[in-house]
Amino acid sequence: MPDCIFCKIVAGEVPSTKVYEDEEVLAFLNIAPREPQHTLVIPKEHYRWFYDMPDELSSKVFLVAKKIARELKEKTVSDFVQLSLVGKDVPHVHVHLVPRMLANAPEL
Ligand SMILES: [Zn+2]
């Protein structure tokens with residue numbers, strides 16, 4: 001999608017700090033992090049919402065998110081890693097992974 005910032009990141013037209021990449025999935029650090037190491041996991045192909053993705057692709061995205069969440073838990077001082085999808089800001093499905101402390105984590 002021409003005007004999509006995440007498609008531009010996939011194409012290398014916009015720089016990003018990549019933490020994971022394979023043929024179908026890319027993960028990179030959020031440029032406006034809520035917490036240090038706030039990571040976004042996206043399918044390389046453009047889909048608006050997570051339920052628009054084919055089953056196999058959504059499974060891959062979540063498996064990568066799970067792997068990265070475990071790594072984030074290991075390398076940050078956090079109680080857990082929050083996973084959330086909103087998609088209001090950028091119209092390209094993306095999974096937020098945010099290391100959090102239980103004491104100050106938002107409810108939703
Ligand atoms: Zn896109």
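The exercises below work through the fold of a predicted model, each with its solution.

This is a predicted model, in which local features need pLDDT of at least 70 and side-chain atom pairs count only at pLDDT 80 or more, while totals for chains, interfaces and linings use all residues. Residues are numbered from 1 along each chain as its sequence is written.

**Exercise 1.** State how many helices and strands the protein has, and in what order the elements run.

*Solution.* Begin with the terms: helices (H or I, at least four residues) and strands (E, at least two) are DSSP runs, numbered from the N terminus. The protein has two helices and five strands, and from the N terminus on the elements follow the pattern α-β-β-β-α-β-β. Next comes the overall size: the radius of gyration, taken over C-alpha atoms, is 13 Å, close to the 13 Å from the globule rule for 108 residues, so the protein is as compact as a globular protein of that length. The globule rule is 2.2 Å times the number of residues to the power 0.38.

**Exercise 2.** Describe the sheet, and find which strands are at its edges.

*Solution.* Two strands pair if DSSP finds at least two bridges between them. By this test five strands form an open sheet in the order E1-E2-E3-E5-E4, with antiparallel pairing. Strand E1 (18-21) and strand E4 (80-84) are the edge strands, since each pairs on one side only. From one strand to the next, the twist averages 20°, where axes are lines fitted to C-alpha atoms, for helices over the stretch in contact, and angles run from 0 to 180 degrees between N-to-C directions.

Now look at one pair in detail. A hairpin of three residues joins E1 to E2, and three bridges link E1 with strand E2 (residues 25-29), the two running antiparallel. Across this pair, Tyr20 stands opposite Ala27 in E2, and Glu21 stands opposite Leu26 in E2.

Helix H2 (residues 55-75) packs on the sheet, touching E1, E2, strand E3 (39-43), E4 and strand E5 (95-100), and its direction makes about 160° with that of E3. Here two residues are in contact if their C-beta atoms, placed from the backbone, lie within 7 Å.

**Exercise 3.** Decide whether Asp52 is buried or exposed.

*Solution.* First locate the residue: Asp52 lies in the loop between E3 and H2. A residue is buried if 20 or more other C-beta atoms lie within 10 Å of its own, exposed if 12 or fewer, and partly exposed in between. Asp52 is exposed, because 12 other C-beta atoms lie within 10 Å.
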